[in-house]
Protein chains: 2
Amino acid sequence: MTNSIEKILIQRFTRKDIKSIDDIITREFPLTIIINDRELVTLLCSPTDFQYLAIGFLSSEGFIQSSDEIKKLIVDEQRGIIHIDITGNEKNNEETFKRFISSGCGKGASFYHAADIGYDRLKSNLTVSSSEIFSLVKEFQNRSQNYRATGGVHSAALCDTKSIIIFNEDIGRHNAVDKVFGQCLQEKIPTENHMIITSGRISSEIVLKVMKKNIPVLISKSAPTDLAVKLANDTGITLIGFVRGERMNVYSHDWRVKIAS
Amino acid sequence: MTNSIEKILIQRFTRKDIKSIDDIITREFPLTIIINDRELVTLLCSPTDFQYLAIGFLSSEGFIQSSDEIKKLIVDEQRGIIHIDITGNEKNNEETFKRFISSGCGKGASFYHAADIGYDRLKSNLTVSSSEIFSLVKEFQNRSQNYRATGGVHSAALCDTKSIIIFNEDIGRHNAVDKVFGQCLQEKIPTENHMIITSGRISSEIVLKVMKKNIPVLISKSAPTDLAVKLANDTGITLIGFVRGERMNVYSHDWRVKIAS
């Protein structure tokens, strides 16, 4: 587990002060599985036990039944690629291949350097105070009724610095955000210079989603990954995590967050 | 939000007694998006705001920039299908299509009836006591050190009724389970008649994964969805959720759980 976490410097905000502190953050790594010389999938994962992950994934998806079916397995940790040659029913494999051309496919690790994404850095001058964020997250939590009832749902909201504009819920972190964006699009509600609050942890995919909508501030009650922080830094997004009561961590572009005067 | 939750009867176990109680559970629904007459993706989602979800998804994935590009939108709530015709750059669409042939593709809602899965019902006679489960989950939590440090990681473990055999962690719920299965396969550790503990919520996909390994008991600290409970019922899996201290909910096949004599 030595390399699945990393130490970074963050800004811890309260209503009235800011402290620079060391924090431990979980790593997120894109692992591409190539099977019999064909790219199968890119999994966003913790960078440990790549071999177990690849074998387990192939087994769960019906490519192999036993480790005896693995003829060759080479892990390229540097580039995040695992090459596996397997025996087995080719017809079955062909069908499963079609099912697993995934969102990360064909991009691999290079997808996760901001320069390769092809979007301009966010230029919004929006600023927000720490007390505004604490109020918004409190309102956000009050509206998350479904979660309180069942414990199984994520919430997402679009807001300005004063109030929540659009709110939605879904069992999927990504779906909750997409429902908010869908309503914005349908009702012609602009997203630029606004903020997103999510109950879920922040992975690189959530940062990318928010960046494409030109949203400069992303707020979560949970933890971000190192890749999410890196992307937020590179693309100009203020990433805020662990908002709990009147404390929060700011991981990137903290100049947008002011403390009450 | 009326139909995103549902009331079911569950068994609440402590170390010494069992009560039948009504519980509220979150619903999980497969929504298939068909765009310009081609199947794009099946999203597992909460069954609300299908239209917002579909529009938001298409926008996030670069199919549309504005709602003006939507020529026609028909929601078939009964069958869980949304048909959308859009204008726009065909070349771009073609490329994105290739990326989104997903795991649910070509199956749609019918995939989620156990009879269509093509696996036999689990026949394991394994039983376990509530106090054994409380001890195992306590050990499981003690081992989840990465989560305690960063707040951003899921854990999974294979165990028998006495102790944890394989343990792993990952930022992805599915990856953590696949890492456990990968190690089992590589080290020829049998999964039949064993149990899985996971820190994450239980969706239908996790039940399917566990079922394919002939594992009769699935234990989580979090909530299951209605579809997960239905699949567990149909396939013979004992599904246990919300294990907190010395209380837990049993959602299916509770005959496998005994209270201490």
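Analyst: Helices (H or I, at least four residues) and strands (E, at least two) are DSSP runs, numbered from the N terminus. This is a predicted model, in which local features need pLDDT of at least 70, side-chain atom pairs count only at pLDDT 80 or more, and totals for chains, interfaces and linings use all residues. Residues are numbered from 1 along each chain as its sequence is written, chains are lettered from A and ligands numbered from 1 in the order in which they are written, and side-chain values use heavy atoms, with hydrogens and water left out.

User: In which sense do E10(B) and E11(B) pair, parallel or antiparallel?

Analyst: Strands of a sheet pair through backbone hydrogen bonds, either parallel or antiparallel. Two strands count as paired if DSSP finds at least two bridges between them. Here, strand E10 (residues 195-198) and E11 of chain B are parallel, with four bridges, and B:Met195 stands opposite B:Val217. E11(B) also pairs in the parallel sense with strand E12 (residues 238-244) of chain B, over three bridges; there B:Val217 faces B:Thr238.

User: Are the faces of strand E11 of chain B covered or uncovered?

Analyst: In a regular strand the side chains alternate between the two faces of the sheet. A residue is buried under 20% relative accessible area, exposed over 50% and partly exposed in between (1.4 Å probe, protein chains only). Both faces of E11(B) (residues 217-220) are covered, with B:Val217 and B:Ile219 buried on one side and B:Leu218 and B:Ser220 on the other.

User: Which residues touch the most other members of the largest nonpolar core?

Analyst: A nonpolar core is a set of buried Ala, Val, Leu, Ile, Met, Phe, Trp, Tyr and Cys residues joined through side-chain atoms within 4.5 Å. The largest one has 30 residues, and those touching the most other members are B:Val180, B:Ile196, B:Val207, B:Leu218, B:Ile237, B:Leu239 and B:Tyr251. Elements of chain B that each supply at least two residues of this core include strand E1 (5-13), strand E8 (154-159) and helix H5 (173-186). Apart from it lies another core, of 29 residues, among them A:Ile25 and A:Met211.

User: How is the sheet with E4, E3, E6 and E5 of chain B arranged?

Analyst: These four strands form an open sheet in the order E4-E3-E6-E5, with mixed pairing. Its edges are strand E4 (38-45) and strand E5 (70-76) of chain B, each pairing on one side only. Strands E3 (residues 29-35) and E6 (residues 81-86) of chain B run parallel and are joined by four bridges, with B:Ile35 opposite B:Ile84.

User: What lies across E3, E4, E5 and E6 of chain B?

Analyst: Helix H1(B) does, running at about 120 degrees to E4(B). Such angles run from 0 to 180 degrees between N-to-C directions of lines fitted to C-alpha atoms, for helices over the stretch in contact (heavy atoms within 4.5 Å). Of the 11 residues of H1(B) (residues 50-60), 10 are buried, among them B:Phe50 and B:Tyr52. Just after H1(B), B:Gly62 has a positive phi of about 85 degrees.
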